[in-house]
Amino acid sequence: MYRMLFVLLAFVLAFSDSVFAQVVTSAHGTDHSKVEWLIYGLGAIGAVLGTGALTLADWAKRLDPNGKVPVIVELLSQTNEILLDMRWIEGNLPTGHRTTVRTGLPTVAWRLLNTGVTPSKSTTAQIDEQAGILEAWSEVDVDLAKLNGNVQAFRLSEARAFIEAMNQEMAQTLFYGNGGLAPEEFTGLSVRYSSLAAQNAQNIVPGGGVGADNSSMWLVVWSDQTLMGIFPKGSVAGLQHDDYGEVTVEMTNGIGGSRMRAYQERWQWKAGIALKDWRYAVRMPNIDISNLVAKSSAADLIEMLIKAIHRIPATGLGKPAIYMNRTLLEMLDIQRRDDVISGGGLTYQDVDGVMRPTFRGIPIGKVDALLETEALVV
């Protein structure tokens with residue numbers, strides 16, 4: 001390893017005579033020493049590559065004492081089980097999905113013999129749901145990837161980080177995306193259930209919080225008639241990965257028109273949600289986290305869940321699921337323990353081959369993407 005770095009430094013020193021000195025002479029009319037140019041040149045290169053490309057420093061941090069690529073401890077990873085539960089359909093639009101909903105029923109009447117009834121009709125409305133394109137690119141210098149002697153292991157360690165980042169962004173957008181403010185996103189659930197004065201306010205069960213450290217629990221019913229994930233017509237569902245192998249890329253920074261050989265990959269996820277029937281999702285917001293943990297004026301999570309279940313017309317129409325972050329799940333477990341009369345209704349069951357907590361038979365999913373800094377729903 002040290003021999004390789006020495007060769008690299010020697011190459012840069014030799015190269016500085018023919019190129020670096022010429023550049024500075026033409027620009028400033030004076031020459032610089034090799035050492036000065038080495039420091040300046042490496043500093044400039046580091047500033048360019050450090051933001052979007054892996055550097056020698058990054059490479060060195062990924063090797064164990066034996067010079068191999070280790071299994072990286074993913075301290076930034078999250079648990080977002082909502083991504084495992086979602087039901088997906090192909091949209092009927094190239095940009096998403098158009099839903100037709102009933103907005104009015106026909107008028108009916110009792111009639112007497114020899115009298116008539118005025119004809120009537122129902123009314124409908126169409127809603128276009130937008131899908132977004134979540135995308136990321138990776139370009140790793142070929143020579144950098146080959147330094148450790150195991151190119152595939154090195155690339156795989158980087159790919160894991162991209163997959164985790166894509167999952168976290170998708171889960172975050174499912175709840176907090178706002179297509180009105182950010183047209184490139186799709187609109188998530190929180191924006192749709194954000195006002196106690198809206199028509200769907202009956203499906204908002206507030207927790208009584210008044211501070212700035214609030215979070216929400218959710219009860220949703222997944223089905224193609226209630227709430228579902230969508231991907232644009234003619235596209236492919238799920239996270240897609242394209243490995244373009246070794247290609248020549250043009251650097252956008254540094255020396256204009258410079259090129260390098262790189263391993264290039266792309267990750268792409270075309271997705272959105274379609275809420276066909278707003279009655280089949282319930283938000284339980286305004287849960288003050290500090291009060292909950294301190295058990296001081298804390299929200300009664302069990303009572304809120306019971307209320308939410310009764311706001312759903314029929315859980316048998318699809319697959320119901322409850323979502324909350326790990327703090328709320330912890331405190332729900334504690335409140336269940338304290339509820340000595342009924343036991344709280346919290347149990348553990350095998351759901352799709354995985355042991356998960358359930359409340360009255362409805363599986364609970366842990367979602368780290370649910371924030372503890374939500375604004376109050378009023």
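This is a predicted model: local features need pLDDT of at least 70, side-chain atom pairs count only at pLDDT 80 or more; totals for chains, interfaces and linings use all residues.

Q: Where in the chain is L376 placed?
A: L376 belongs to the segment that comes after β13 (362-366).

Q: Why is L376 called partly exposed?
A: The relative accessibility of L376 is 32%. Partly exposed covers values between the buried limit, under 20%, and the exposed limit, over 50%; L376 therefore counts as partly exposed.

Q: Which residues make the nonpolar surface patch, and what is its area?
A: V210, L376 and V378 make the patch, with an area of about 300 Å². Membership requires over 30% relative accessible area, and L376 has 32%.

Q: What makes β5 and β9 a strand pair, and how do they run?
A: Pairing requires at least two bridges. Strand β5 (residues 214-222) is joined to β9 by 6 bridges, and the two run antiparallel. Within these strands, N214 stands opposite D288 of β9.

Q: Why is E265 called buried?
A: E265, a residue of strand β8 (residues 259-275), has a relative accessible area of 6%. Buried means under 20%, so E265 is classed as buried.

Q: What makes the pairing of the E265 and R155 side chains a polar contact?
A: The distance between them is 3.5 Å, and the cut-off is within 3.5 Å. R155 is also among the residues that E265 touches, which include W137, H241 and D242.

Technical notes:
Residues are numbered from 1 along each chain as its sequence is written. Side-chain values use heavy atoms; hydrogens and water are left out. Helices (H or I, at least four residues) and strands (E, at least two) are DSSP runs, numbered from the N terminus. Patches are made of residues with over 30% relative accessible area and no salt bridge: like charges are joined within 9 Å, nonpolar side chains (Val, Leu, Ile, Met, Phe, Trp, Tyr) within 5 Å. Accessible areas come from the Shrake-Rupley method with a 1.4 Å probe; for residues, only the protein chains shown count as cover. A salt bridge is a side-chain nitrogen of Lys or Arg within 4 Å of a carboxyl oxygen of Asp or Glu. Buried means under 20% relative accessible area, exposed over 50%, partly exposed in between (1.4 Å probe, protein chains only). A polar contact is a pair of N or O atoms within 3.5 Å; within protein, one must be able to donate a hydrogen and the other to accept it, and residues adjacent in sequence count only if both atoms are side-chain atoms. Contact means heavy atoms within 4.5 Å. Lists of a residue's contacts leave out its neighbours within four places in sequence.
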